[in-house]
Amino acid sequence: MGEHKRIGILTSGGDCAGLNTIIRAVVNHATAHYDWEVVGIKGATNGLMERPPKVMPLKLHKVDPLRTQGGTILGTTNKGNPFAFPMPDGTLKDRSEEIIEGYHQLNLDALIGIGGDGSLAILRKIAQQGGINLIGIPKTIDNDVGETELAIGFSTAVDIATDALDRLHFTAASHDRVMILEVMGRDAGHIALNAGIAGGAHIILIPEIPYKLEHICRKIRDRQAVGFNFSVVVVSEAVCTENGETLQKNEQFGQFRLGGIGQYLANAITNCTQAETRVTVLGHIQRGGIPSPTDRVLASAFGVGAVELIAAGHSDMMVTWKDRQVTGVPILDAIKTYRKVNIEDTLVKTARGLGICMGDQ
Ligand code: F6P
């Protein structure tokens with residue numbers, strides 16, 4: 001069984017489905033198998049800045065309902081870089097030492113940080129600075145963390161986007177419309193590509209493949225010519241306008257947010273095809289709700305895998321999913337490559353093989 005340990009766990013960055021399932025798996029394995037103590041840290045690193053640090057004890061008999069619960073019971077944040085933390089007086093302060101002190105005050109032997117590439121990079125920097133034994137677990141609906149085929153939350157987001165496309169088919173066909181679904185994913189088109197194939201989109205637009213409006217409009221007209229007066233388009237939020245402009249929504253708290261490409265395309269498509277268009281922006285629906293079975297399996301495997309890495313004395317590692325196996329890789333390797341869609345990828349070829357227009361031909 002080894003020596004007794006006290007480990008911390010936090011969720012950082014945007015939420016997604018499956019975070020609570022990870023927490024359940026970590027608590028199950030750490031307490032039932034190793035008899036360790038697990039402490040939940042609230043509000044990501046913000047919880048470690050508080051005095052006393054804001055924590056939540058995580059007990060075996062309490063965590064079972066977390067298997068299907070969306071969001072994160074620990075809370076999270078995707079704003080306020082601890083190295084330049086916005087203070088009430090408008091100044092920016094480096095609060096990394098407070099976080100390190102908070103970690104040591106809790107007498108933790110290791111910290112499990114669940115986050116995307118941005119959060120993992122910040123957590124790693126703090127861990128290196130403060131001698132924290134950090135183990136990372138990749139999560140993000142964008143699925144853009146390097147070194148892992150899957151991150152938590154992606155599968156659920158694809159399910160939701162696929163369901164939306166399935167529904168849009170009926171209303172598109174009933175009204176002879178072009179229905180456009182704008183999905184999340186930041187600079188990576190994984191959600192649009194996967195959901196587009198599964199949900200039978202006729203046109204899939206992703207940031208990795210530059211498009212020409214003439215190709216999109218030709219696809220719609222070709223379908224009209226053979227009697228299909230409707231089309232379904234899925235577009236990733238970071239796709240630019242034809243002349244390369246990135247569209248952004250209202251800015252809040254100094255953060256820029258992608259959005260608007262769906263409506264831009266709708267106007268352009270109406271102009272060139274005279275088709276009636278409607279836009280659905282799926283937004284945070286993709287992050288909420290019950291995790292898919294795939295995300296539950298992955299979250300369980302990652303939770304157990306992270307505890308095993310700690311038990312084996314590792315730190316500065318992240319669990320990954322490769323060839324159906326959980327393995328550990330240095331966090332640095334995972335964060336140094338941003339995992340976009342490879343344009344030679346099997347799924348790009350699959351989409352083209354199905355006759356789906358990717359906008360470039
Ligand atoms: O990184 C996850 C993600 O959902 C992106 O797909 C999206 O661009 C962004 O977060 C939205 O962030 P917020 O919750 O701050 O609006």
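On a 1 Å grid over the protein atoms alone, a cavity is a set of points where a 1.4 Å probe fits but cannot get out, whereas a pocket is an open set with protein on both sides within 12 Å along at least five of seven lines; lining residues have an atom within 4 Å of a point. Grid points are joined across faces, edges and corners, and a volume is the space filled by probe spheres set on the points. The model is predicted, with local features needing pLDDT of at least 70 and side-chain atom pairs counting only at pLDDT 80 or more, while totals for chains, interfaces and linings use all residues. Residues are numbered from 1 along each chain as its sequence is written, and side-chain values use heavy atoms, with hydrogens and water left out.

Searching the whole structure turns up one cavity of 30 Å³ or more, and the largest cavity holds about 40 Å³ of space. Its lining includes Leu10, Thr45, Ile99 and Leu123. If Ala, Val, Leu, Ile, Met, Phe, Trp, Tyr, Cys and Pro count as nonpolar, Asp, Glu, Lys and Arg as charged, and the others, Gly among them, as polar, then this lining divides into nine nonpolar residues, one polar and no charged. Helices (H or I, at least four residues) and strands (E, at least two) are DSSP runs, numbered from the N terminus, and H4 gives the largest share of the cavity lining, three residues.

Finally, consider helix H1 (residues 19-33) and helix H9 (residues 293-311), which pack at an angle of about 40° with their axes 8 Å apart. Axes are lines fitted to C-alpha atoms, for helices over the stretch in contact, and angles run from 0 to 180 degrees between N-to-C directions. Because of that angle, H1 is oblique to H9, given that angles under 35 degrees count as roughly parallel, over 145 as roughly antiparallel, 65 to 115 as roughly perpendicular and the rest as oblique.
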